[in-house]
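Thanks, everyone. I'll keep this quick. Have the structure open while I talk.

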Amino acid sequence: MNKASSLAVATALALSTMPALAQKTASQGIDEYRAMLQDGNPADLFEAKGEDLWKKARGPKNASLEKCDLGKGPGVFKGAFVELPKYFADTQRMQDLESRLVTCMETLQGFNAAEISKTAFGHGEMANVTSLATFIAAESKGQRFNLSQAHSQEKTFYEVGKRLFFQRGGSHDFSCASCHGEEGKRIRLQDLPMLTKNPGDGVGFAAWPAYRVSNGQMWSMQLRLNDCYRQQRFPYPGFGSDATIALSTYLGVNAKGAASVAPAIKR
Amino acid sequence: MADPMRIRAQSSGDKATVRVLMSHEMESGQRKDASGKTVPAWFIQEVTAKHNGKDVFSAEWGPAVSKNPFLQFAVKGVKAGDKIAVTWKDNKGDTRTDEATVS
Amino acid sequence: MNKKTQLALTSLAATLLVAGCASSPSVVEFNALTDKIVKASFRDQSHVKVERITATDETNRLCSEADVAGKPLDEKTAKRIEEANLKAIKWPSDGKFIGDWKEGEKIAQSGRGLTWTDKADDTNGGNCYNCHKIDQKEISYGTIGPSLYNYGKIRGVSNPNDPASKAIVEYTWGKIWNAKAYNACSNMPRAGHTGILNETQVRHIVGLLLDPKSPVNQ
Amino acid sequence: MQNRRETLKHSAVVAGLLATAGFPEFAHAAFNKAAFDAKSVQDSAKAAGATSIAESKDVTITGPDIAENGAVVPLGAGTALAGVKHLMIMVEKNPSSLVAMFHVTDAVEANFSTRAKMGQSSDVYAVAIMNDGKALWAKKEVKVTLGGCGG
């Protein structure tokens, strides 16, 4: 295969020249790459699993989640995703999709909510929460975000979320806004959505849960925020904690009108 | 037991394009865990497909196929309503079969 | 702030009452509530302690508040912050500003260190390429910060040891050590000041940017 | 489109049936360990029965010019030639080149796609092993970039 290797060298040499051109080609090339992955998103596997988990009788009470109230009445899941987080009168608190699912797993199925919340992402019942969230989110695909700001608590969480978004700290002085406060920026080759306003359909808040090809994991919004905080060099935000829900409320309200593409596929 | 596959089989003319997603770790055998020990290879080794019960497709895979694998192929002489069944078997002997109706 | 609200703020469970007030809460109340929620929501993980965000300095606090308000710091406050940060810069102990650009490139490439998944004794990276174009051979660079390609060349540094280059050399060291000394609310971390990079590492980064032999200046 | 619920229902039934029946016998189903263990494109083709090897315009390799992540690189191999026995997808610079080997029958088109892991930028190959033992190949370069925060 002598010809092959000499060709390889020639190609490599050609690619190392003309960096300006290569740069332009790089972003186009990556767009092509992303397009190739759209057909066949492994998130489908998690969505199917989530649907199964929703319907299956499980837990100490051997019950399904089909009577779970995600904000639109017991058992209604279509369109629920694009209205969360919201205030729930029964728990008297703001909840996002995942913390609400955990509430239902406790009240309907008899699981221990505190135990689930302490479980690491990708493990045990927490992995099931992620699959369930993927299924519920997928049922609102194409719908536009429309979070309520009617309840005073919803407004309060928006204001707190805004403060969290701009909170500088950690060893690097980073806030969410360091990366997501301006338009058209990127980290390495990753485009960064500006999250202080509606960043557009299927971008930012409207793209998670998403399948991450880099590690082959399904990432929920809670994990997305958790890993943002990790990279921000912040301490660990508790699963379903008020901080994560306030931040989600801020992002969700800002995303008003953006069509959801969740579950998406990401780097 | 392994999680189900997602199979989409779409007919166009007299053939059907089959797209499959499989739930599998596809551990490469090259990776080290936190303690520095090599994680043993664990991957789907054989994939086969049947059209209405008849063998039509087979492939062998190595550990370099990505996690949660995707596969696309096209079967000839297929019409809507036919059945396509896909089976995988991994190097530990685990196997899984799922079936889809051609649309 | 009325007494009822104050009481409400004393416990997290009672935060509902704040919102329940007829009048909307004030900025101060929202700030206080945010602090409480932060304390209740974050926990230590590995070597990353909650103090990292509850015990932030005045620079971060004032800049965060300005960001929330959506207007920049007033000139006087900004000056004061910059002066305080400038004073805190540690200059090279041996008077040498220029290190090995090859080592600098490695540090610029590395995004490791100081997250809860990093080991406490890991060597930290500079995260530089995350935000800056530097060596133009690296196409995977970020755009949050300005391009640093040809950084020294553009500034006319042909010999960093020449007294004529002194001001640029010192500024470059200072900017990497403590970016807030020159721009109070810069997005850039204070690599030396907050202990991300040590003196030797900062020297290598300065070398990467200013050494005429560095690929940055080709 | 296939209804998800139906797929699941079928899956359960079929899985139950086949779990006991074992893996169906199929002419090509035996795993060609030598081909997968081979380090190079050429050795792997030989292990798959190739007696000679040459570049061919009649074989196609599809893949991105740049992959944002080496963990998932969509690759495809195809040919319109008659008399093809196997189609192989290979990544030259992987520890072992062979990613996947597809067996061509009259019932399927000689055109297959999957996704591969790539440790670094490399040439990727489609190799068609013909019935007469000739191996015909096509290749393209796929650049793997470092995405994200590099941490």
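Start with A:R224. Its charged end sits over the ring of A:W208, 5.2 Å from the ring centre. There is another contact of this kind in chain A: A:K86 lies over the face of A:F88, at 5.7 Å from the centre of that ring. Keep in mind that this is a predicted model.

Now ring against ring. Over all chains, the structure holds 25 aromatic pairs. Take A:F145 and A:F205. They pair edge-to-face, 5.4 Å centre to centre, with 65° between the planes. A:F145 lies in the loop between α6 and α7 of chain A, and A:F205 in the loop between β4 and β5 of chain A, so the pair ties together parts 60 residues apart in sequence. A:F145 counts as buried, at 1% relative accessibility. A:F205 is buried too, at 8%.

Next, A:Y158 and A:Y250. The centres are 5.1 Å apart and the planes stand at 45°, so this pair is tilted. A:Y158 lies in helix α7 of chain A and A:Y250 in helix α10 of chain A, so this pair ties together parts 92 residues apart in sequence. Both tyrosines, A:Y158 and A:Y250, are buried.

Last, a sheet. It is open, with 6 strands in the order β1(B)-β2(B)-β5(B)-β7(D)-β4(D)-β2(D), and the pairing is antiparallel. Which strands stand at the edges? β1 of chain B and β2 of chain D: each has a single partner strand, so one side of each is left without a neighbour in the sheet. Neighbouring strands are turned by 15° against each other on average, direction ignored. β2(D) pairs with β4 of chain D over 4 bridges. There, D:T62 stands opposite D:G76.

Conventions:
Residues numbered from 1 in each chain as written. Chains lettered and ligands numbered in written order. Predicted model: local features only at pLDDT ≥ 70, side-chain atom pairs only at ≥ 80, totals over all residues. Heavy atoms only, no water. Pairing = 2+ DSSP bridges. Helix = DSSP H or I, 4+ residues; strand = E, 2+ residues; numbered from the N terminus. Axes fitted to C-alpha atoms, helices over the stretch in contact; angles between N-to-C directions. Phe/Tyr/Trp six-rings, centres within 6.5 Å; stacked < 30°, edge-to-face > 60°. Buried < 20%, exposed > 50% of the residue type's maximum accessible area, 1.4 Å probe, protein only. Lys NZ or Arg CZ within 6 Å of the ring centre and 35° of its normal.
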